[in-house]
Amino acid sequence: QVQLVESGGGLVQAGGSLRLSCAASGRTFSNDVVGWFRQAPGKEREFVARISWNGGRTAYADSVKGRFTISRDNAKNTVYLQMNNVKSEDTAVYYCATRTYFSIGEWASWGQGTQVTVSS
């Protein structure tokens, strides 16, 4: 079982940038699809972005397309989420998760989350 730890969250002004990291331990996750999700207070957890095992395929929620970029460094066993031009509606706890296939399947491993707060 892979353990995931998110980091990089914090307080950022609207229009600013932040980079989140998702680090894996326990085993390599270089063969896994990795996704980012977020959950705002009072709302359900929602998909943000995902990336294939080699970074060749990515997908984004419409709400973040053009502002967020997902990437990975398998040598460092880490996946990143670069957040640019953040908005107040991006305030949430951000989680990363892994699964086997890009477009289908259950997200099997989850991190504990990192808080992102955007001030206006």
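User: Hi! How many aromatic pairs does a search of the whole structure find?

Analyst: Three aromatic pairs turn up; rings of Phe, Tyr and Trp (its six-membered ring) pair if their centres lie within 6.5 Å, with planes under 30 degrees apart counting as stacked, over 60 as edge-to-face and the rest as tilted. This is a predicted model, where local features need pLDDT of at least 70, side-chain atom pairs count only at pLDDT 80 or more, and totals for chains, interfaces and linings use all residues. Residues are numbered from 1 along each chain as its sequence is written, and side-chain values use heavy atoms, leaving out hydrogens and water.

User: Thanks! How do the rings of phenylalanine 37 and phenylalanine 47 pair?

Analyst: Their centres are 5.9 Å apart and their planes at 70°, so phenylalanine 37 and phenylalanine 47 make an edge-to-face pair.

User: Is phenylalanine 37 buried or exposed?

Analyst: Phenylalanine 37 is buried, at 8% relative accessibility. Buried means under 20% relative accessible area, exposed over 50%, and partly exposed in between (1.4 Å probe, protein chains only). Phenylalanine 47, at 25%, is partly exposed.

User: What about phenylalanine 37 and tryptophan 110?

Analyst: Phenylalanine 37 and tryptophan 110 form a tilted pair, 4.9 Å centre to centre with 55° between the planes. Tryptophan 110 is partly exposed, with a relative accessible area of 27%.

User: Which residues do ring pairs link into a cluster?

Analyst: The cluster holds Phe37, Phe47, Trp107 and Trp110.

User: New topic: which ring does the charged end of arginine 45 sit over?

Analyst: Tyrosine 95, with the charged end 5.7 Å from the ring centre. The cut-off is NZ of Lys or CZ of Arg within 6 Å of the ring centre and within 35 degrees of the ring normal. Arginine 72 likewise lies over the face of phenylalanine 29, at 5.3 Å from the ring centre.
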